[in-house]
Amino acid sequence: MSIEKEIYVLLTDTGTVFTKIIRSFTKDPLNHASIAFDSDLREVYSFGRKNPNNPFLGGFVREDVSSEFFGESMCALYRCTVSPAVYANLRNQVQHFEQNQDLYSYNLVGMLGILFNIEWERKNSYFCSQFVATMFQQSGMILIDKSPLLVTPGDLQHTPKLELVYHGYLNSYVGCQNSIAAASSFRTA
């Protein structure tokens, strides 16, 4: 008997100038996508800023959603139930990215390709929603019926393969999860 696992897709709007520019083209309210391995959002991965203060240096990142950078971010958290094989494959891919993160960069050119419906692939480069869609596709589960090079966070928001868990301020969700975890550990102590 195999027990299914849960994977999460987190969509956010950090309110930065860059996300405002993206929103002006996509018209989607949430323009950053990440993949998470837990509902508490302690293990969140994406392609984005390596340094919150420098929008020009990007690549594979493990995100701290309780950091000041995500401060007043709006978000939508989606859940997806996957087989143990898909889950293990996603874990292995993230481990590969972590071990080789210096090889990867942000695919700004590819993101611009979305505006013109052109698949601009760059070796070892991803933009956030391309990364999430590629991770699932390479694990044997296609979330969106189009090339990962053309997937936007809005596409992820509208796929029936993801179930909405929460929509609102990210810091409210993270604060609530931390309170639940603290209460739960208090009861078991």
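A contact here means heavy atoms within 4.5 Å. Among contacts between residues at least 6 apart in sequence, 65% join residues at least 24 apart in this protein. The model is predicted: local features need pLDDT of at least 70, side-chain atom pairs count only at pLDDT 80 or more, and totals for chains, interfaces and linings use all residues. Residues are numbered from 1 along each chain as its sequence is written, and side-chain values use heavy atoms, with hydrogens and water left out.

**Fold and dimensions**
- The protein has six helices and eight strands, taken as DSSP runs (helices H or I, at least four residues; strands E, at least two) numbered from the N terminus.
- From the N terminus on, the order of elements is β-α-β-β-β-β-α-β-α-β-α-α-β-α.
- The C-alpha trace spans about 55 × 40 × 35 Å along its principal axes.

**Surface and burial**
- Buried residues (under 20% relative accessible area, 1.4 Å probe, protein chains only) account for 46% of the 189 residues.
- The accessible surface (Shrake-Rupley method, 1.4 Å probe) is about 10,000 Å², and carbon and sulfur atoms hold 53% of that surface.

**Nonpolar patch**
- A nonpolar surface patch with about 990 Å² of accessible area together includes Val-17, Phe-18, Leu-108 and Trp-120.
- Patch residues have over 30% relative accessible area and no salt bridge, and nonpolar side chains (Val, Leu, Ile, Met, Phe, Trp, Tyr) are joined within 5 Å; a salt bridge is a side-chain nitrogen of Lys or Arg within 4 Å of a carboxyl oxygen of Asp or Glu.
- Helix H1 (17-26) and helix H3 (108-115) each supply at least two residues of the patch.
- Val-17 lies in helix H1 and is exposed (over 50%), with a relative accessible area of 62%.

Note on methods:
Patch = residues over 30% accessible without salt bridge, like charges linked within 9 Å, V, L, I, M, F, W, Y side chains within 5 Å.
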